[in-house]
Amino acid sequence: MRNVIQSAVLLLAALMSQTGAVEVIYAQLGETVTLKAPGNIQNEYVYWNFEKGDSLELGWRNSMGGSSTTADEAWKNRLSLSSDASLIIKDIQQNDFGTFIFRRRGVALLTTYKLLKLTVSVNPPSPLLPGDPLSLSCDAQPLPGHKREIQWLNPSGGKVKKGQGPLTATSQESGQWTCVVTYDNKEKKAVVSVTVLDLSPAPLHPQYTSKSCPLTIPCSLPAHVSWKQLKAKEIQDVRWHFVPESGLIPQSLFSLSLEEPLTWKADQNRGLIPVPDPKKKNLSLTRNRGTEEDGGDYVCALEFKNGVTLNRTVHVEVLQIISSPGTELISGQQLNLTCSLGHPMPSDLELKWFPPEQSSLSSPTSDPHLAHLTIPEVGTGDGGKWRCELWQSNARLTSAEITLKIEPKMSSWMLVVICSVTVIVILLLILAFILYRRRQQKMTHLRRRLCKCKTPKPKGFYRT
């Protein structure tokens, strides 16, 4: 029995001395693989063989640097030898997976390479709509005696928990998924692309505007989404809705005709204009100047035949300056200016006031709570353009402007003069009226003196 065991050990040692180490390499169909020659090969005659059924010599290199590769039709134009005798295989085919042998002339030790297949797939195939089931598969061909571990990385680089089960497609799943196969202290990565059709994310914060600033309401398709893909998924409608802050019934603003060329149709435009050429995937609405009625929610929606609706909601707020008692004042009056969004200001926003240059408040004022500005007695220097800016951190969000007209205050002397002039004008009018009446009376008296008889007759001869 002892002799049998010793013989088996000797045979295994002989085989190991001939075959040497086994190097495992994973590859996908269509890839280019380099089988690295062991050590520093110089001035030696080396051979590469493919062991699958009958052994096939793939290539050789001699001590003078000359080399050649097989003319076999299955490997034609896909093999080459590098300067260090490594074997380069282009466009890996299904029949290329197997065992490769590297050997040197006169040396019994062989180096074995196991080329194993790695396959990644996504089911169902892209593109997907949000809510569709998503299944990813990473199949690494096993090799007896060699351990391997498989780990998925999502598009943001995060590890996916094992045993998580089927995924549900969302915009976060759209992108490049990576399967990482770890084996023999090495890693092999395989990438598969997942396309989820969706709109670009809506702004995290409201869009701010005023009567003196332009307004843009953003909505667009991401770069990886095309109109061709949307139509293949049977898109039926693209539409803008508006929900006023007052909570009134939603209003339909625009609908997009999906026939070529893509054209917007206005239902109730409210002075808004769609960005030209929606084929470029920009679905935004614009206006040169905002209005007080622009505040509310704007909804950009894509509807599909299967009932799926993709939408993005953009909230718009309007900054306003209100002047009390008005925009036309007299020097000495109290002025109250209010700059607000119509509700208490969030703590991360601040206001900056910019009065006219000649105003008594010549320097800008900044205070997150300074929504109200009071001047006990305005002067003519306070007339002109006042500006209120809305800031968040170091970014200006929008600004509002108002123009005040301040008339100078009348003095006592000016009042005396005005009253005197008024009295003189009234007296002149009374005098003119009296003179006019007297003239009228004289004319009436004169006409009565010229004619005394009741029935006067003209002079001349009369027949009797």
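**Reading the terms of a predicted model**

Guide: Val24, Tyr26, Leu116, Leu143, His146, Lys147, Arg148, Tyr183 and Asp184 line the largest cavity. The model is predicted, with local features requiring pLDDT of at least 70 and side-chain atom pairs pLDDT 80 or more, while totals for chains, interfaces and linings use all residues. Residues are numbered from 1 along each chain as its sequence is written, and side-chain values use heavy atoms, leaving out hydrogens and water.

Visitor: What makes this space a cavity, and which residues count as its lining?

Guide: On a 1 Å grid over the protein atoms alone, a cavity is a set of points where a 1.4 Å probe fits but cannot get out, and a lining residue has an atom within 4 Å of a point. Val24 and Asp184 are among the residues that meet this condition for the largest cavity.

Visitor: How many cavities are counted, and what is the volume of the largest?

Guide: The count comes to one cavity of 30 Å³ or more. The largest cavity has a volume of about 40 Å³, where volume means the space filled by probe spheres set on grid points joined across faces, edges and corners.

Visitor: How does the lining of the largest cavity divide into nonpolar, polar and charged residues?

Guide: Five are nonpolar, one is polar and three are charged. Here Ala, Val, Leu, Ile, Met, Phe, Trp, Tyr, Cys and Pro are nonpolar, Asp, Glu, Lys and Arg are charged, and the others, Gly among them, are polar.

Visitor: What makes a space a pocket?

Guide: A pocket is an open set of points with protein on both sides within 12 Å along at least five of seven lines. The second largest pocket holds about 160 Å³ of space. Its lining has 13 residues, with Glu245, Ser246, Glu292, Glu293 and Gly295 nearest its centre. The lining of the second largest pocket divides into four nonpolar, five polar and four charged residues.

Visitor: How many helices and strands does the chain have?

Guide: The chain has three helices and 31 strands. Both are DSSP runs numbered from the N terminus: helices are H or I over at least four residues, strands are E over at least two.

Visitor: Which other strands pair with strand 9?

Guide: Strand 8 does, antiparallel and over five bridges, and Gly98 is bridged to Leu115 of strand 9. Strand 8 and strand 9 form a hairpin with six residues between them, and Gly106 in the turn has a positive phi of about 85°. Strand 10 also runs antiparallel to strand 9, joined by six bridges; there Val122 has Leu136 as its partner.

Visitor: Why do strand 15 and strand 19 stand at the edges of their sheet?

Guide: The sheet is open, with six strands in the order 15-23-22-17-18-19 and mixed pairing. Strand 15 (207-209) and strand 19 (263-266) each have a single partner strand, so one side of each is left without a neighbour in the sheet. Neighbouring strands of this sheet are turned by 20° against each other on average, direction ignored. Strand 18 (residues 251-257) and strand 19 pair antiparallel over four bridges, including the one between Ser257 and Thr263.

Visitor: Why is Asp91 called partly exposed?

Guide: Buried means under 20% relative accessible area and exposed over 50%, with partly exposed in between (1.4 Å probe, protein chains only). Asp91 has 37%, so it is partly exposed. Asp277, at 38%, is partly exposed too. Asp91 has a positive phi of about 50° though it is not a glycine, and Asp277 has a positive phi near 60°. Asp91 lies in the loop between strand 7 (87-89) and strand 8 (98-104); Asp277 is in the loop between strand 20 (273-274) and strand 21 (285-287).

Visitor: What share of the chain counts as buried?

Guide: Of the 464 residues, 35% count as buried.

Methods: Pairing = 2+ DSSP bridges. Axes fitted to C-alpha atoms, helices over the stretch in contact; angles between N-to-C directions.
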